[in-house]
Amino acid sequence: MADLTNDFSWSRSRDGAFQECKRRYFYQYYGSWGGWAGDAPPDVRRLYILKQLASRQMWGGRIAHDAIEMAFNAFREGLEIPVEPFVRDAVERMRAEFRSSRAGVYNDKPKTTALFEHEYKVVIRDEAWLALATSVQTCLRNFFRLPLLAEIRRTSPEHWSIEHWSKTFDFEGTRVWSAPDFGYWTPEGRLALVDWKTGGGGGEDASFQLGCYALYAHEVLGVPPHNVDLYEVNLREPVVTPHTWSDDRLEGVRERLRLSVRGMKSYLKDPDANVAVITDFELTENLRICRWCNFKAVCRPDLDAAPAP
Ligand code: SF4
């Protein structure tokens, strides 16, 4: 197999890390590179393990997203899903992953669930863990009740995109990672792209995310914005918010992407070779960001280990 190379690419989470703290961005996308190898230098390996940490809310969201993907795979095969056993299975998976994380299995197997709360020994009351499990169950039950789901299931599974038609696309020479959670073609020949939300969010950031999906539709599938329906589905309520896009708004998304790419590249020692030097990436002065940062153990070990929940 050819050696992996750390090529520059863009994603919304990368943009978010860059905005919040340049040093964190460095650790996430450069310092931890290669840490998956068992014989990586210890400091690189440590950064790689910390990079995998997820907050409990992110973890709950991932469990719900994985379950929904499983459900669509079953629907595609023409199977019916008994809702309550399906929800129970998801909770069982949560329990198993929780135990694995609490036991620190991720230190040897970094791709297994690694919770920030366990690494940093954040005191979380049992009620809060239970509330998280309840929220995942609510999201899944609401998913099965959605009129939008019934509508999707009336269309042909051949026209569904479950694991995405493509996860990346080229934008002016930069590989962009941005794919919606689910997509399908409506009977009217429109492209519908769906974003499942299990937590907060919304606002400007959500709008940019949807804009990236509109760009995805344009670049990957050649569908102009006026033929795309974007659905933001808040599974906790549940509320489905449709969004439409225009060519003008799409140009705004392109411009924001260009600026973001330019900003990231301006920090590189050698932008063509994607070479970064740690000292060029300053630490944020906002310690509130540090308290919930995956890398604080190596970056600011003097901060008290456990942030207040
Ligand atoms: S601990 Fe703070 S300064 Fe260090 S990488 Fe994290 S956010 Fe940045």
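The centres of domain 1 and domain 2, taken over C-alpha atoms, sit 22 Å apart in this predicted model. Domain 1 covers 9-146 + 271-299 and domain 2 covers 151-266, with bounds that come from an automatic or database domain assignment. Where the two meet, 26 residues from domain 1 and 31 residues from domain 2 take part in the contact (heavy atoms within 4.5 Å). Residues are numbered from 1 along each chain as its sequence is written. Local features need pLDDT of at least 70 and side-chain atom pairs pLDDT 80 or more, while totals for chains, interfaces and linings use all residues, and side-chain values use heavy atoms, with hydrogens and water left out.

Now for the inside. The largest nonpolar core has 86 residues; such a core is a set of buried (under 20% relative accessible area, 1.4 Å probe, protein chains only) Ala, Val, Leu, Ile, Met, Phe, Trp, Tyr and Cys residues joined through side-chain atoms within 4.5 Å. Tyr-25, Phe-72, Phe-75, Phe-143, Phe-182, Tyr-184 and Trp-196 touch the most other members. Helix H4 (residues 56-76) gives the largest share, 9 residues; helices here are DSSP runs (H or I, at least four residues), numbered from the N terminus. Both domain 1 and domain 2 supply at least three residues to this core. Leaving out residues up to four places away in sequence, Phe-143 touches Ile-68, Ala-71, Phe-72, Phe-75, Leu-149, Trp-196 and Leu-235.

Terms used:
Buried < 20%, exposed > 50% of the residue type's maximum accessible area, 1.4 Å probe, protein only. Helix = DSSP H or I, 4+ residues; strand = E, 2+ residues; numbered from the N terminus.
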